[in-house]
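Here is a short report for a reader new to this structure. Take a look at the model first, then read on.

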Amino acid sequence: MATRSELIEAITERYKVARREDKCRILDEFVAVTGYHRKHAIRALNRREKKSLASKRHSALYGEDVREALIVLWEASERLCSKRLRPMIPVLLPALERHGRLQLDGKLCSKLL
């Protein structure tokens, strides 16, 4: 017997294009073979194909230097969540530069702000 996932792949297309009467028969056979609950079988056969993960990846907007500076800011703020850290950056940035914990050029500073 094929694995359940292979069986789903084999039957899905036939199930999607079938008429209502045929769908009931296909579903009855599928439930008998797999042992799935009927509603779960319907969901499994109607599921959409998963998109590849490569299409969801986004290119990095900022470089490693921005990431390192954000880590320093995050650590100085005692690891605040991003929601609370964001409004604190304009306050923390000059203070950290003044105390020598962070040296930034103008371009990097504007990226952080």
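## Terms and overview

A residue counts as exposed when its relative accessible area is over 50%, as buried when that value is under 20%, and as partly exposed in between. These words return throughout the report.

The model is predicted. The protein chain has seven helices and zero strands. Along the sequence, the pattern reads α-α-α-α-α-α-α. Of the 113 residues in the protein chain, 25% are buried. Contacts also reach along the sequence: among those between residues at least 6 apart, 43% join residues at least 24 apart.

## Helix α3 and its buried side

Which residues of helix α3 are buried? Helix α3 spans residues 38–46, and its buried residues are A41, A44 and L45. They cover an arc of only 95 degrees around the axis, so they sit on the same side of α3.

What covers these residues? The cover includes α1, residues 4–17, and α2, residues 20–34. The next two sections take these helices in turn.

## Where α1 meets α3

The axes of α1 and α3 come within 8 Å. They cross at roughly 85 degrees. The two helices are therefore roughly perpendicular to each other, because angles of 65 to 115 degrees count as such.

On the α1 side, the contact involves I8, I11, T12, Y15 and K16. On the α3 side, they meet I42, A44, L45 and N46. Two of these α3 residues, A44 and L45, are among the buried residues of the helix.

## Where α2 meets α3

Helices α2 and α3 pack at an angle of about 110 degrees, with their axes 10 Å apart. That angle makes α2 and α3 roughly perpendicular to each other, too. The contact is made by C24, L27, D28, F30 and V31 of α2 and by R38, A41, I42 and L45 of α3. As for handedness, α2 passes α3 in a right-handed crossing.

R38 pairs with D28, and their closest N and O atoms are 2.6 Å apart. The pair links distant parts of the chain: R38 lies in helix α3 and D28 in helix α2, ten residues apart. R38 is partly exposed, with a relative accessible area of 35%. D28 is partly exposed as well, at 41%.

## Other salt bridges

How many salt bridges does the structure hold? There are six. Side chains of opposite charge can pair when their charged atoms come close.

R19 and E21 form one of them, with N and O 3.4 Å apart. Are these two residues buried or exposed? R19 has a relative accessible area of 57%, so R19 is exposed. E21 stands at 53% and therefore counts as exposed.

E64 and R67 form another salt bridge, with the closest N and O atoms 3.2 Å apart. Both residues lie in helix α5, residues 64–76. They are three residues apart, about one turn of the helix. An α-helix has 3.6 residues a turn, so residues three or four places apart point the same way. E64 is partly exposed, at 45% relative accessibility.

Finally, salt bridges link R14, R25 and E29 in a network.

Technical notes:
Residues numbered from 1 in each chain as written. Predicted model: local features only at pLDDT ≥ 70, side-chain atom pairs only at ≥ 80, totals over all residues. Heavy atoms only, no water. Buried < 20%, exposed > 50% of the residue type's maximum accessible area, 1.4 Å probe, protein only. Helix = DSSP H or I, 4+ residues; strand = E, 2+ residues; numbered from the N terminus. Arc of directions from axis to C-beta. Contact = heavy atoms within 4.5 Å. Salt bridge = Lys/Arg side-chain N within 4 Å of Asp/Glu carboxyl O. Axes fitted to C-alpha atoms, helices over the stretch in contact; angles between N-to-C directions. Parallel < 35°, antiparallel > 145°, perpendicular 65-115°, else oblique. Left-handed = near helix turned anticlockwise from the far one by under 90°.
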